[in-house]
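Keep the viewer open as you read.

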Amino acid sequence: LDIARAIRAWPGHGAEADAAYRRAIELAVESEDENADLAVLDEARAYAAQTKNVELARFTLETLTRVRPEKIEAWVDLARLESDAGGSAQAVFDRLMQQRKDDLDAHVAYATWLGLQGHPDAAAAHLRQAIGAGLDEANTLGALANLEFRLARIENARAVVNEMRRDHPA
């Protein structure tokens with residue numbers, strides 16, 4: 001990591017800095033220090049954003065989703081990057097759903113993306129299907145109510161809250 005830092009400070013050596021960050025990431029992932037990967041990945045992502053290096057950003061996010069698949073925000077960032085670069089955010093979310101099918105946060109991230117892409121009915125249907133697939137109903141309904149509110153579908157949010165009160169009085 002120190003080598004990457006030194007090279008990035010040297011004007012005109014972006015390609016060498018990119019390679020040094022990639023090597024630092026590989027070493028950190030192989031390291032026995034379980035937090036080394038996060039520190040190096042975070043710094044490499046910041047460098048990639050600063051230099052608008054899409055390929056390094058993609059490499060860091062792909063690595064992060066591979067070694068820390070529970071980091072849902074990394075999946076969302078990867079989907080955004082792919083979409084912005086003309087690729088498929090849907091393909092990223094498909095992978096997320098395959099790998100984290102029992103993770104409510106993953107389902108909420110996907111449903112939120114669907115809603116923000118102009119598909120609020122598909123977003124709501126996705127969360128309802130997640131309940132049918134075994135996710136905790138009360139928590140998923142809470143996420144659905146929040147999503148409906150975020151999408152400015154107030155009547156739908158109110159209906160979901162009423163459903164929660166009826167089916168899950170606490």
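Which residue forms a salt bridge with Arg-22? The partner is Asp-18, and the closest N and O atoms of the two are 2.7 Å apart. A salt bridge here is a side-chain nitrogen of Lys or Arg within 4 Å of a carboxyl oxygen of Asp or Glu. Before going on, please note that this is a predicted model, in which local features need pLDDT of at least 70 and side-chain atom pairs count only at pLDDT 80 or more, while totals for chains, interfaces and linings use all residues. Residues are numbered from 1 along each chain as its sequence is written, and side-chain values use heavy atoms, with hydrogens and water left out.

Both Arg-22 and Asp-18 belong to helix 2 (residues 14–30), where they sit four residues apart, about one turn of the helix. Helices are DSSP runs of H or I with at least four residues, strands are runs of E with at least two, and both are numbered from the N terminus. The spacing makes sense: an α-helix has 3.6 residues a turn, so residues three or four places apart point the same way. Buried means under 20% relative accessible area, exposed means over 50%, and partly exposed lies in between (1.4 Å probe, protein chains only).

Asn-53, found in the loop between helix 3 (36–51) and helix 4, is in contact with Asp-18 and Ala-48, leaving aside its neighbours within four places in sequence. Contact means heavy atoms within 4.5 Å. Asn-53 itself counts as buried, at 17% relative accessibility.

Staying in helix 2, look for Ile-25. Ile-25 is buried, with a relative accessible area of 1%. Apart from neighbours within four places in sequence, Ile-25 is in contact with Val-40, Leu-41, Ala-44, Phe-59, Thr-60 and Thr-63. From Ile-25 to Arg-153 there are 128 residues in sequence and 43 Å in space, C-alpha to C-alpha.

Now jump to Arg-153. The side chains of Arg-153 and Glu-148 meet in a salt bridge, 2.5 Å from N to O. Arg-153 is buried at 18%, and Glu-148 is buried at 4%. Another bridge joins Arg-158 to Glu-155, again with the closest N and O atoms 2.5 Å apart. These two residues lie in helix 10 (residues 154–167), three residues apart, about one turn of the helix. Glu-155 is exposed at 53%, and Arg-158 is partly exposed at 43%. The structure holds 14 salt bridges, and Arg-45, Asp-77 and Arg-80 are linked in a network of them.

Next, follow helix 5 (residues 72–84). The buried residues of helix 5 are Ile-72, Ala-74, Trp-75, Leu-78, Ala-79, Leu-81 and Glu-82. They pack against helix 4 (54–67), helix 6 (89–99) and helix 7 (104–116). Just after helix 5, Gly-86 takes a positive phi of about 85 degrees.

In helix 6, the buried residues are Ala-89, Val-92, Phe-93, Leu-96 and Met-97. Seen down the helix axis, they fall within an arc of 135 degrees, so they line one face of the helix; the arc is that of the directions from the helix axis to the C-beta atoms. The cover over these residues includes helix 5, helix 7 and helix 8 (120–132).

Finally, zoom out to the whole chain. Its secondary structure comes to ten helices and zero strands. Of the 170 residues, 42% count as buried. The C-alpha trace spans about 60 × 35 × 25 Å along its principal axes. The radius of gyration is 20 Å, while a compact globule of 170 residues would have one near 15 Å; this radius is taken over C-alpha atoms, and the globule rule is 2.2 Å times the number of residues to the power 0.38.
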